Amino acid sequence: MNRIRIESPEIRAFETQHTAAVRALAPECMVLLKNDGTLPLQGTGKLALYGSGARKTIKGGTGSGDVNVRHFVTVEEGLKNAGFELTTEKWMDGYDKVVEEAKKAFYAAVRKEAEAAGAKGPQMMMYAMGRACPEPNYELALDGEGDTAVYVLARNSGEGADRKPVAGDINLTDTEIRDILALNEKYDKFVLVLNVGGMVDLKPVEAV
C-alpha cells in the first residue's frame, strides 16, 4: 500500500487533479427526489439555513468510508461562497452547543458501559468503535429571514456502525419532523437536502 504523508502547505499537482475529478463526479452522485419548481434557486439573497448537516456536513462515511483532506466545503460555506446571505447563524450556533453536550453525555455513557464490561486500554477503543451519537431533540427558534429555507438532514454511516430503525438514526427525531414540516409551511420556498450515507425514513415528512 502506498501512503503519502503531506507535510507541506503547498498544494501538489495530484491534489488539484483529484479535486477537479471530485467536482466533476459529485453531481452524478446526487438524486433529485422531488421538485415543485423551487430548484434551481433563482439568484442569491437572504436564505435561512437549518439542519444537522448545514454546518456539520458529512463528506464521507465512518472508518474506511472516509478520507483525509486538507479542507472540504460545508453546505454553509458553499452557500456563502455562492453569494447567499445566511440569516440563521444564531440557530447554527445553538445547534452546535446542543450537539456538543449530547456527544459528551453519549460517550461518557459508552465509557461507563465499557468499564462495567471490563474493557481496558485498546479494548476500550474496540468497544466504542462504530458507536455514533444519535441526533438529539432540542428547542431552537426557526426565525431566519428570507423567503427561502434549506434544511440539511445529515446521517453518517459506514464501517463499524450498523444502522437501526430508531429515532435519530434511520427514523427522524420528533424535532426533525416538527421543524421540517413547520419550515415547509413558513417559507415560500423550502428545500430538504439529504446529506446521508444510508437510508432514512421520510414517511413523516412526505408533505414536503
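What follows is a short exchange on strands, ring pairs and a pocket in this predicted model.

Biologist: What makes strand β1 largely enclosed by the rest of the structure?

Modeller: Strand β1 covers residues 46–50. Four of its five residues are buried, so β1 is largely enclosed. Buried here means under 20% relative accessible area.

Biologist: How do you know that β1 pairs with strand β2?

Modeller: Pairing needs at least two bridges. Two bridges join β1 to β2, residues 85–86, and the strands run parallel. K46 stands opposite E85 in β2. The pairing therefore meets the cut-off of at least two bridges.

Biologist: And what makes β1 and strand β3 a pair?

Modeller: Three bridges join β1 to β3, residues 148–155, again in the parallel sense. At least two are required, so β1 and β3 count as paired. Within β3, V150 is the bridge partner of L49.

Biologist: Which elements make the right-handed β-α-β unit?

Modeller: β1, helix α2 and β2 make the unit, with α2 spanning residues 75–81. Right-handed means that, with the strands pointing away from the viewer, the path over the helix runs clockwise.

Biologist: Why is the Y50 and W91 pair called edge-to-face?

Modeller: The ring centres are 5.5 Å apart, and the planes stand at 85°. A pair needs centres within 6.5 Å, and edge-to-face needs over 60 degrees, so both conditions hold. Y50 lies in β1 and W91 in helix α3, so the pair ties together parts that are 41 residues apart in sequence. Y50 and W91 are both buried.

Biologist: Why is the W91 and Y95 pair called stacked?

Modeller: The centre-to-centre distance is 5.5 Å, and the angle between the planes is 5°. W91 and Y95 both lie in α3, four residues apart, about one turn of the helix. Y95 is buried, as is W91.

Biologist: Which residues do ring pairs link into a cluster?

Modeller: Y50, W91, Y95, Y138 and Y187. The count of aromatic pairs comes to six.

Biologist: What lines the second largest pocket?

Modeller: The lining has 32 residues. R131, A132, C133, P134 and N156 lie nearest the centre. Helix α3, residues 89–116, and β3 each supply at least two lining residues. α3 gives the most, with five. By class, the lining has twelve nonpolar, nine polar and eleven charged residues. The pocket volume is about 910 Å³.

Methods. Residues are numbered from 1 along each chain as its sequence is written. This is a predicted model: local features need pLDDT of at least 70, side-chain atom pairs count only at pLDDT 80 or more; totals for chains, interfaces and linings use all residues. Side-chain values use heavy atoms; hydrogens and water are left out. Buried means under 20% relative accessible area, exposed over 50%, partly exposed in between (1.4 Å probe, protein chains only). On a 1 Å grid over the protein atoms alone, a cavity is a set of points where a 1.4 Å probe fits but cannot get out, and a pocket is an open set with protein on both sides within 12 Å along at least five of seven lines; lining residues have an atom within 4 Å of a point. Grid points are joined across faces, edges and corners, and a volume is the space filled by probe spheres set on the points. Ala, Val, Leu, Ile, Met, Phe, Trp, Tyr, Cys and Pro count as nonpolar, Asp, Glu, Lys and Arg as charged, and the others, Gly among them, as polar. Rings of Phe, Tyr and Trp (its six-membered ring) pair if their centres lie within 6.5 Å; planes under 30 degrees apart count as stacked, over 60 as edge-to-face and the rest as tilted.
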